[in-house]
Amino acid sequence: EDAPKKSLIRRLVMPLIIIVVVIAAIGAGLVVMRETVVGLWPGANGVIYDWIGMHVDIPGEGLQFKTGSPSHETRDGKDSIVVRGTVANISDADRPVPVILINAFDGNGQMVQSEKMSPAKSLLKPGEKFNFSAVIHDIVPTARRVDVTFGELESAASKESSLTATADQPCPGT
C-alpha cells in the first residue's frame, strides 16, 4: 500500500517542481536581460518592469524632437540634405542625450544612407533644449524620405542601438 502512495506523490510533486524551476529561470532571465528585452519590445517597460519597480531607461526617453523640413544644399561641393531642429527635455528629470541618427530611405522604405551626429549637449535638465543641424553629404539620388531618430548613448556605443522618438520628413524635391 505504501508503494502506490509514494509513486502518486512523486508523480504530482516532480512536475510541480519542474514548473517552479522553469518559471524561476524565466523570471531570472527577464531581470538579468531586461535591457535586451526592452530593446526588442519597448512595451515591456510598462507591462513588466514598471510593475516590479525595475524601469529600464530607453535612449531618448523623455526627450522630444522638433524638426523643420529638410533643405537641399550644396556643402563643400557636395549635394547634401540638412535637417535643423530642436531637442527638448519634456520630462521632470535630467536626461542623457543619445547620438542623433539621420537616415535616408528610398521610395520602397529601404534605408539607403545613414549619418550619426554627436549631440551638442550630453545631458539636458528638465525644460532645457538645444538646436541642432544634421547633414547627410552626397545624398543618394534614390532617397525620398529622411528620418531623424535617437540612437545609443555615446558612452554605450558598444551596446545594441535602441531607436525611439522619430520625426519623419520627406526629402526636398521628391
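Buried residues make up 33% of the 174 residues in the protein, where buried denotes a relative accessible area under 20%, exposed over 50% and partly exposed anything in between (1.4 Å probe, protein chains only). The model is a predicted one, in which local features need pLDDT of at least 70 and side-chain atom pairs count only at pLDDT 80 or more, whereas totals for chains, interfaces and linings use all residues. Residues are numbered from 1 along each chain as its sequence is written, and side-chain values use heavy atoms, with hydrogens and water left out.

The secondary structure comprises 3 helices and 10 strands. These elements are DSSP runs numbered from the N terminus: helices are H or I runs of at least four residues, and strands are E runs of at least two. Along the sequence the pattern reads α-α-α-β-β-β-β-β-β-β-β-β-β. Among contacts between residues at least 6 apart in sequence, 62% join residues at least 24 apart; a contact here means heavy atoms within 4.5 Å.

**Strand S5 and its pairing**

Strand S5 (residues 100-105) is joined to strand S6 (residues 111-117) by 6 bridges, and the two run antiparallel. Strands are taken to pair if DSSP finds at least two bridges between them. Within this pairing, Leu101 has Lys116 of S6 as its bridge partner. S5 and S6 form a hairpin with 5 residues between them, and Gly109 in the turn has a positive phi of about 85°. S5 is also joined by 6 bridges to strand S9 (residues 145-150), again in an antiparallel arrangement. Here Ile100 stands opposite Phe150 in S9.

In a regular strand the side chains alternate between the two faces of the sheet. Both faces of S5 are covered: Ile100, Ile102 and Ala104 are buried on one side, and Leu101, Asn103 and Phe105 are buried on the other. Arg145 lies over the face of Phe105, at 4.4 Å from the ring centre; the criterion is NZ of Lys or CZ of Arg within 6 Å of the ring centre and within 35 degrees of the ring normal.

Lys116 also has a side-chain partner. A polar contact of 3.4 Å joins the side chains of Lys116 and Glu152. Such a contact is a pair of N or O atoms within 3.5 Å; within protein, one must be able to donate a hydrogen and the other to accept it, and residues adjacent in sequence count only if both atoms are side-chain atoms. Glu152 lies in the loop between S9 and strand S10 (166-170), and Glu152 counts as buried because its relative accessibility is 9%.

**The nonpolar cores**

In the largest nonpolar core, which has 20 residues, Phe65, Val87, Ile100, Ile102 and Phe132 touch the most other members. Strand S1 (63-67), strand S3 (78-89), S5, strand S8 (129-137) and S9 each supply at least two residues of this core, and the largest share, 4 residues, comes from S8. A second, separate core of 6 residues includes Val38, Tyr49, Val56 and Ile58. A nonpolar core is a set of buried Ala, Val, Leu, Ile, Met, Phe, Trp, Tyr and Cys residues joined through side-chain atoms within 4.5 Å.

Beyond its neighbours within four places in sequence, Ile100 is in contact with Phe65, Val87, Glu115, Lys116, Met117, Phe132, Val148 and Thr149.

**The aromatic pairs**

The structure holds 2 aromatic pairs, listed below. Rings of Phe, Tyr and Trp (its six-membered ring) pair if their centres lie within 6.5 Å; planes under 30 degrees apart count as stacked, over 60 as edge-to-face and the rest as tilted.

| Pair | Arrangement | Centre to centre | Angle between planes |
|---|---|---|---|
| Phe65 and Phe132 | edge-to-face | 5.8 Å | 70° |
| Phe65 and Phe150 | stacked | 4.3 Å | 20° |

Phe65 lies in strand S1 and Phe132 in strand S8, so their pair ties together parts that are 67 residues apart in sequence. Phe65 counts as buried at 10% relative accessibility, and Phe132 is buried with a relative accessible area of 5%. Phe150 is likewise buried. Ring pairs link Phe65, Phe132 and Phe150 into a cluster.
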